[in-house]
Amino acid sequence: MSHPALPPGFVNLPVYAEGQSIPGPSGASVLSSDGLRAFHHINSGLRVVLFAAPGPLVSATIVVGTQPLSNAGHPHTLEHIIFLGSHNYPQRGYLDNLACRCLARGTNAWTETEYTAYTAKTAGFQGFAHLLPVYLDHILRPKINDAAFASEVYHVRPDAKEAGVVFCEMQARENTESDISDRAVRAALFEGTPLALECGGLCSDIRTLTNEDIVQFHRTQYCGENVTVIVGGNEIDPNVLLNSVKPLLDEISSAPGYQRGHPQWRTPIDLKPLPPVSRRIIPFPCPDNDMGTVILAWRGPGINDRLTAIAIEVLLSFLDAYVWSPLQQEFVETEDQLASEIDSSIDVFLDVSAIVMSFSGVQHVEDEDDDDEAVDDLQETDNAKDCDTASVESIDQEKESFLTSGRLERQVMAFLSDIVKKGELPGGLSAMQAAIKKEVEVELTELESDSHSSIPHRLLEEVIYGSRDSLTIGEESRGFLAHFAELEQKTEEYWIELLSRLLVEAPRVEVVMVPDTSLAQNNADDERTSQVEREAKLRGDEVSIQGQDGNCASPLESCKFAADIFPPIPSTLTISRWPYIVTRGGAMDYGCQSVTLETDFVHCSIFLDTSRLSIAQRTFLPVLCELLPSCDILLEDGSYIAYTDHARSVSELTVSTDGSGIHMGYSSEMAHQCTILHFAAMPSSFADAAEVLFQTFFCSEVTAERVSAVSQTLHANAVTDIRDGDVVLGAAVPMIPFLEGGERWSSHLPNYTLANILGSFPLLSFMADEFTKKKPRKQVQRKIVRQLRDCLHSLQALPGSDIFIQVTARDPKPAHEVLSSLWKKHRGSDGRDGSDPKPSGNGPAAGELPLSRRIFGRLSDVFPERSIAKIIGITGVDSTSIDIRVDSPVFIGHADWSALTVCTEMLCRMEGPLCTAVRGTGLAYGVHIENSSWLGQLSASVYESSNPAAAWDAVCACLDAFRQSLNETHDDSCLVDLETAKASLLYSLNSKRSTPERIADGAIARTALGVPAGPMSDRALEEAIERVSLDEVGSVFDKHVARLRQERSRLVVVTCGAGVSEDIVAAFSHCKNAIRLENCPVESLHPRQVVEVVQALKAK
């Protein structure tokens, strides 16, 4: 295929199936004849890949192949420093301010073992063309100095507290079960190679890292031949794109001494042979000793055998991804559950891949007569901070728990071996082909719903490793359908041989993650000792404090820019839009809405208002939502469909989307009073898909056997969640007002308090215990089953006024007709039995829709004359997060919405005042102020902080300075900040309607808020943002944001490690903006009503 001449210095690179149009859905623009192009800048060595993507957004993913040198986190540290200034733009904050003014939401990046990726998305191409060369200048020629290193990586404050953004981030992660297990697996599989190193850095090694180390790392690894710019967008002219970066690349490559370098991953990895079985038992800090994880891992093929790598991914999905999968049936979906969840993955590297199969929620119950010797031996096997040198100690089997006994590992391998011996796949070849079909559907769905992430991800292997193995760019992003088609033709013998060769007969690694309540206290004691040592050194002037006072700019000074140094802000009128129409109503027995737009799928969301159900009934909703998709089906003619067959039918007929399934609430706290059934399907299979989903809701048989399996899974997941400080914080914030408000408020608990981990934990723990007793109490089990059936019956009997359905499609009418027919078939026009559930007092008001926004428990109503401040210590948590809330009446449609939205954006955008004050000084990983329309609250949050009291003081000082700056009319920088914030918000508004799924979500949100939905209202919101003035910003700051500093009707919740809670209480009581925190055990946050439900179940 011939193309127009390229700008001088660039040449075309070959791409997969160049010039050919590959059959596929219309939303997959990358499959079109000109859907993928690749170019090479000869002198610099840098490559540019351009892919077609529908919608208004343009994205950049700039990939640098990086290799860690040690556990100090060189790649991750450099990733952070990149954003702090460059050769042509040395001032910190210029890049992200420019990005916002180019209609973006700042920039972002992440680091993996084999690469670092830098990303940005803009609304439209005009701003993107200005942003890309500046971004590349920061990546290829960053300003790396001691001050930047200190604030962004690591320093010690004058109070001897450790700080630094990278340090705070890794401190929060380092001792989590997931990070410890990941390091252990990689250390065992890839010992002595870069793949075994922690690319993010370990805290002990980050402390020793220097600025010069990072300078040298950049010099050797950030070279042109090691960098690829992946750009996606709609109808982008390649020449215009290349000309936007040509001056910079020409300038860099013509500099004296410039070297193109070479890709980092061109040298073969020298792997040591693995023993047949390598086993490690590793403790991790935890508030309980209940459950752990067993991980099996193998080496697999590298990038030179792509088809086999894809086949392994399909094989793993077949084995454990679905409720009907063989491993799920054997180990999870049973009354005697051995694991609560199975997750498998394959990560492909240069010459090898890591195949990992993880069994979580494995019981760890020590015998009552165990002595301390077994525990001591267990701790000696490894250390959570040094898993590279783990060894296995022999523990007397009579004193071992199931988790550490090795029985699960042996049973899994025996099960897989038995498949090989029989030579037959469970379910036959058709089951494997169903798994392949599902993988194809997932890939195609992602091309429409998230092409700006999914396509760059598919290109990564080719741009990182392709120089050595001559991989053709686009083979995975354009050739995946051909690979799956080839796999569909494979025989059963092929899959059996693959299973035997790569899993059953291959050497494997076994990693057992064991919870240990003592480790967290040991870590806290070690930190106190280190703190004392740092204080002593500071008193003796034996350590220099980097990045303090003169080396770090004040919060507002570092981000002051004049408007004339930026290009003009692009007009949103030139951005390509995704046309759509929203219509309400129809001749249905329920409320309905249609979203008409160009999409390859039909999306359906069914909202069931549960406000009429009692609290006792709604307590069971979290279990019921998880239970229904895995129940047997009893049809009207008396015939049964086994739940495995039904689940497989659902899987085959529907396509996977982010919201697929049955949930309480639509997203976050939106439509929290509803239970939602959401599914998507191809138009040709929608009727069948809707039929099986209606069977799920109306024909499910709730049995003790299925309740047993589901309750064990939910409880195991709950145990994991309640160990996580951020999860507990998110649950405690909405829960505490109802618990503090007394009987008046606790009797009106909304669903989001019952569904979160604190509200559901008592019932889940009780149910899991009841269904796993060696001598089960059948009467109690029958009570539980009866309650679940009663809850389901109440949902089925809801009147049409409590139902709302939205369909999104090219033509929604046929789908609505199908749904109406099914409704009448299963319900009849007047309800299933003519009886309505008794209202609980939270029912919808007259004229309200089932999903309408409703606010319960305003802080000013619950505690009008006081504030509440709680601290929750959690064993095993190594970082501190803060959430501060006040009431906010503002939502879309409110007179203050546009001004408050601009105000919070001015404060919180990347490199804005709050970011500079808190993150820029290394006090925390992040800080944010947000208006939550669904809860009716304004929140300020600081997360992953090593010094939370100092971070809170920095927030308060920043708010004071920000308000003062609004009064200084001579300060033009405020006007620049105002326009920058507006431009960033214009990107956000366009991003929310950049795909069919997001447009559908937005239509639901607008309807729930009672405001119009459609392109005209979209434009009206943009115009409202564009009209906001500084005076309006100051007004809403005084009316709303300033209340975060006032104690009246304010809620403060802090989560931290249990061992440091007293220190944090003391620090907050003595900081400039003191907060009197009250200790709050996790157990005290369970709602009384849920506890009473459990007690009633226990009663005879």
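**Figure 1. An open sheet of 7 strands with mixed pairing, taken from a predicted model.** The strands follow the order S1-S2-S3-S9-S4-S6-S5, where strands are DSSP runs of E with at least two residues, helices are DSSP runs of H or I with at least four residues, and both are numbered from the N terminus. Two strands are taken as paired if DSSP finds at least two bridges between them. At the edges stand strand S1 (10-13) and strand S5 (108-111), each of which pairs on one side only. Neighbouring strands of this sheet are turned against each other by 20° on average, with direction ignored. Because this is a predicted model, local features need pLDDT of at least 70 and side-chain atom pairs count only at pLDDT 80 or more, whereas totals for chains, interfaces and linings use all residues. Residues are numbered from 1 along each chain as its sequence is written, and side-chain values use heavy atoms, with hydrogens and water left out.

**Figure 2. Strands S4 and S6, with the helices that pack on their sheet.** Strand S4 (residues 57-65) and strand S6 (residues 115-123) run antiparallel and are joined by 9 bridges, and within this pair Thr61 stands opposite Thr119 in S6. Helix H35 (residues 972-991) packs on the sheet and touches S4 and S6, its direction making about 90° with that of S6; contact here means heavy atoms within 4.5 Å. Helix H3 (residues 125-140) lies across S4, S5, S6 and strand S9 (227-233), and runs at about 15° to S4. Axes are lines fitted to C-alpha atoms, for helices over the stretch in contact, and the angles run from 0 to 180 degrees between N-to-C directions.

**Figure 3. The packing of helix H3 against helix H9.** The axes of H3 and helix H9 (residues 238-253) come within 9 Å and cross at roughly 25°, which makes H3 roughly parallel to H9; in this scheme angles under 35 degrees count as roughly parallel, over 145 as roughly antiparallel, 65 to 115 as roughly perpendicular and the rest as oblique. The crossing of H3 and H9 is right-handed, the term used if the near helix is turned clockwise from the far one by less than a right angle, with anticlockwise giving left-handed. On the H3 side the contact includes Phe125, Phe128, Leu132 and Leu136, and on the H9 side it includes Val240, Leu241, Val245 and Leu248. The residues of this contact of H3 with H9 divide into 13 nonpolar, 1 polar and 1 charged, where Ala, Val, Leu, Ile, Met, Phe, Trp, Tyr, Cys and Pro count as nonpolar, Asp, Glu, Lys and Arg as charged, and the others, Gly among them, as polar.

**Figure 4. The crossing of helices H1 and H8.** Helix H1 (residues 74-81) and helix H8 (residues 211-221) have axes that come within 10 Å and cross at roughly 90°, so H1 is roughly perpendicular to H8. From H1, His74, Pro75, Thr77, Leu78 and Ile81 meet Asp213, Ile214, Phe217 and His218 of H8. This contact of H1 with H8 is made up of 5 nonpolar, 3 polar and 1 charged residues.

Figure 5. S12 and strand S13 (residues 353-363) run antiparallel and are joined by 8 bridges, in which the bridge partner of Ser345 in S13 is Val356.

**Figure 6. Helix H10 packed against helix H17.** Helix H10 (residues 306-320) and helix H17 (residues 475-488) pack at an angle of about 70° with their axes 10 Å apart, which makes H10 roughly perpendicular to H17. The crossing of H10 and H17 is right-handed. Among the residues that meet are Arg306, Leu307 and Ile310 in H10 and Glu475, Glu476 and Phe484 in H17. The contact of H10 with H17 divides into 6 nonpolar, 1 polar and 4 charged residues.

**Figure 7. The hairpin of strands S15 and S16.** Strand S15 (residues 580-584) and strand S16 (residues 591-597) pair in the antiparallel sense over 5 bridges, with Thr583 opposite Ser594 in S16. There are 6 residues between S15 and S16, and Gly585 in the turn has a positive phi of about 90°.
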